[in-house]
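Subject: Structure for you to look through

Dear colleague,

I am passing on the structure we spoke about, and my notes follow below it. Please keep the viewer open while you read, so that you can look up each place as it is named.

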Amino acid sequence: MTQELAYSMTGMLLFSIGLFGVFFVPHILRRLMAMNVMAVGVFLLLIAVAKRNADPNPDPVPHAMLLTGIVVAISATAFAVGLARKFHEVSGETDLDGEGP
Amino acid sequence: MYGILLAGAMAFMLLDAVRILPSEPSGLTGVVDSQMANSGVEHPVTAVLLNFRGYDTWLELGVLLLAVMGVLLFQPGTDLARVQPLARSDAVLRLATSLLLPLAVLVAGYLLWIGKYAAGGAFQAGVVLGAALILLWLSGNATLVILPPHGFRLILVLGFCAFMAVAVGLLIAGQGWLELPPSQAGSLILFIEACATLSIAWTMAALIIGLQPPVSGKQEGGP
Amino acid sequence: MTSWLPLLVLLPFAGAVLCLLVRGRGAPAIGVATSLATAALVLFALWSLQTSGPVRVQVGGWGAPLGIDLAVDGLSMIHLIMTAVIGLFISLYANRYYDGYRGGQKDRARELFWPFWLMLWGAMNALFVSADLFNLYVVLELVGLSAVGLVVLTGTRDVLGAGLRYLLTALAGSMCYLMGVALLYAAHGTLDLFAIGALIQSDGVSRAALMLMVTGLLMKTAVFPLHFWLPPAHASATAPVSALLSALVVKASFYILLRLWFDVFPGVTTPLLGNLLGLLGGGAILWGSLQALRQKRLKLLIAYSTVAQLGYLMFLFPVTAGMADGSSLWLQEVSKGTVCHVLSHALAKASIFLSAGLFILAAGTDQMSAMKGLAERMPLTVFSMALAAVSLMGLPPSGGFIAKWLIMHAVLGVGQWWWAPFLVIGGLLTAGYMFMMLRPAFLEPDPGPGLKPVPRLLEVCTLALAMLSIGIGISAANLLNLVMIGNPFSIPGGGW
């Protein structure tokens, strides 16, 4: 198994675990963590894709996508944490009632 | 239970997909290399982020702005003016801050500058500077962090606006949409990155500090 | 000249920043001015597209695959126009609405509605003109975060819970989409939508990417059974926000789905997947309508109606899946019907949510039992509701009628008669919950506290949208010709 394949397969597993967590775990913070696990899964694939090259320089485009993705994920996480704190302050709860899906 | 089945099916499909991904490069390394001379910088990732796909980075600064707006939504006045100060006067923390702060500013400046040649740039620099601001706030010196409302908002939108100003300026000068002329690309990118560094630093600090409860409790909330 | 294209994004964003910097009372004025300017710009763009045809712009002058390309054809343009028209009326409405609003955080809602809404508008414009898969991801996140920001403006328990659920689902959806993008880039080395469409083959990678991207976008479009976040979010937000979300935001992710279906994945889609999506559509119609019939609160009823109406958009997929001939009459017909449904639902739903907002302003509640006697006291509002209901039910000559007629014609034309009962039953159920909604308005009013008067301007905005939802039925031919500029519904390598 090549190094890139190990990275991308780990990424795929993390993505699936995260997807499960976002929908089937009740606690808000855990769901948020699960979303970040999904993101890390995608990022691992992007790292592996960039490195496939025989060239010593990795492909910069997946790296740029990855950096953009990290900033977006951080922003969204911060927003969600802000909402969750306020939700907890107003309702005293840590789960969203009436589970979906 | 059926959640595990669904996740398992997803994992199976994805693992099967990456197994057959072509292993020979089909990326854009070559195309990026061939245009590096026109990008105004020497590091390929910076060239992609700030020039070739600079439009994405502008929008990404917009995402950052929305996040900080969302966090500040629940602060009175939607800024940090009435945030609860930390009543902490830890001598060790103060000493550490006074030692680390100049270093952090120096490192941030270096990261910003090195972005042209190697890994680095506005985001790394902004995060280091943001950490320094949080450290300042933790040690009880909040005046630099919690700017007056107008200045605070201005600094949050600075990076997003710098990109916009460059884009508008170029349009007026007859260039295409976000088309940086190769001769000035380097300095324009540095200008955008410097503004973005400040925005990112204060945004990062605000994302942390904005989660603190306001001084006067929640007299505005509730229906 | 294509300088209008960057301005479509620049103008709303500049307005948003200004609204953020000018605090307090100045924000609404800047907001309305920006809305007017953006709407005028879209009109100019329409004129430009009609005179000089489809546009493609290379951002930064690099060109795909290195840079990001933007492309505008009829499909993009119709979405830009839809956003501009509905956005303009909602802007005019929102300005006065928050003055009369009596809920929590009133001042904050009035002030911060504008930066979030203008960011949303700019992001949607950017979405409709983008031809780059990763750019679409960033734009989707902008749309998602600004929409959630709008939902939680008032900071009550209900909106916070609904906003969080919406945010988590939207984020999971965009992560699925991003994984699809990463896979496509890994396989083809470009992010340009049309370039990938020309390279793609039906293998495990493209099937996985298709599944991921479709799933992610269905989450964001709130298609049954991934609709669970929509009713609480759309029902608990303030009325102008509900109107924006139900009319426009869910259509933005559906637009990407259409683009992917016709421009990226035509060789990968299978009749099985198409039928599965059609089945979800049927499920949405039945489930959403039945839930709507059970509601006691006006805005929840309208929100479930959105769940049901989104189902009609799904019948495009079984009709066109695996179609080899891009010029097929039925493909054109079902696509036109679907776009017509997007438009007429957007107009009708925006209008009906704004009507609900007027009722809330007047009565201070959205319990339907409090609507007794409304027809006598707020005749204009009830008239707007009834007009919008006509379009949602699909009665002639409304836009909803043309849409459902075209879709019905196409599903029968390709011999997939089994979708027809869903369309018929859906229409009947819609009529059911719309009559249920309107019935109390015509009853004898309860003696009790009267209704507060509402500003006439708000009633006019609401009525205008309702009349437009009928009116597009009358001028449907022109609109649908506009959509066909640049031939957006074609299979590469097929028809042309």
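Helices here are DSSP runs of at least four residues, numbered from the N terminus.

If its neighbours within four places in sequence are left aside, L423(C) is in contact with K404(C), I407(C) and M408(C). F435(C) is twelve residues away from L423(C) in sequence, and the C-alpha atoms of the two are 18 Å apart in space.

Now to chain C as a whole, which has 20 helices and two strands. Its radius of gyration is 21 Å, close to the 23 Å that the globule rule gives for 496 residues, so chain C is as compact as a globular protein of that length. Along the principal axes, the C-alpha atoms of chain C fill a box of roughly 70 × 55 × 40 Å. Of the 496 residues in chain C, 69% are buried. If you take the contacts in chain C between residues at least 6 apart in sequence, 81% of them join residues that are at least 24 apart.

The two strands deserve a look of their own. Strand β1, residues 55-59 of chain C, is joined to β2(C) by five bridges, and the two run antiparallel; within this pairing, V55(C) stands opposite V72(C) in β2(C). Strand β2 covers residues 68-72 of chain C, and five of its five residues are buried. In a regular strand the side chains alternate between the two faces of the sheet. For β2(C), I68(C), L70(C) and V72(C) are on one side, D69(C) and A71(C) are on the other, and all of them are buried, which leaves both faces covered.

Next come the places where the chains touch. How many residues does each chain give to the contact between chain B and chain C? Chain B gives 48 residues and chain C gives 49 residues. On the side of chain B that touches chain C, the elements that give two or more residues are α1 (2-19), α2 (29-35), α3 (44-52), α4 (54-72) and α7 (149-172) of chain B. The largest share of that side, eleven residues, comes from α4(B). Sorted by class, the side of chain B that touches chain C has 30 nonpolar, eleven polar and seven charged residues.

The contact between chain A and chain B takes 35 residues from chain A and 33 residues from chain B. On the side of chain A that touches chain B, α1 (3-24) and α3 (60-91) of chain A each supply at least two residues, and α3(A) gives the most, with 17 residues. That side of chain A divides into 22 nonpolar, eight polar and five charged residues.

There are also a few backbone details to find. The peptide bond from F224(C) to P225(C) is cis, with omega near 0°, and P225(C) has its place in the loop between α8 (204-221) and α9 (230-236) of chain C. A cis peptide bond also joins P396(C) and P397(C), with omega about 5°; here P397(C) is found in the loop between α16 (379-393) and α17 (399-413) of chain C. L178(B), although it is not a glycine, has a positive phi of about 60°; it lies in the loop between α7 and α8 (182-209) of chain B and is buried, with 23 other C-beta atoms within 10 Å. N487(C) is not a glycine either, and its phi is positive at about 50°. This residue lies in the segment after α20 (476-483) of chain C, and with 17 C-beta neighbours inside 10 Å it counts as partly exposed.

Last, a word on confidence. Chain B averages a pLDDT of 88, and 95% of the residues score at least 70. Over residues 217-223 of chain B, however, the pLDDT is below 50, and this stretch has eleven contacts in the model beyond near neighbours in sequence. Where pLDDT is low, the predicted coordinates should not be read in detail.

With best wishes

Conventions
Residues are numbered from 1 along each chain as its sequence is written. Chains are lettered from A and ligands numbered from 1 in the order in which they are written. This is a predicted model: local features need pLDDT of at least 70, side-chain atom pairs count only at pLDDT 80 or more; totals for chains, interfaces and linings use all residues. The radius of gyration is taken over C-alpha atoms; the globule rule is 2.2 Å times the number of residues to the power 0.38. A residue is buried if 20 or more other C-beta atoms lie within 10 Å of its own, exposed if 12 or fewer, and partly exposed in between; C-beta atoms are placed from the backbone. Two residues are in contact if their C-beta atoms, placed from the backbone, lie within 7 Å. Ala, Val, Leu, Ile, Met, Phe, Trp, Tyr, Cys and Pro count as nonpolar, Asp, Glu, Lys and Arg as charged, and the others, Gly among them, as polar. Two strands pair if DSSP finds at least two bridges between them. pLDDT is the predictor's confidence in each residue, from 0 to 100.
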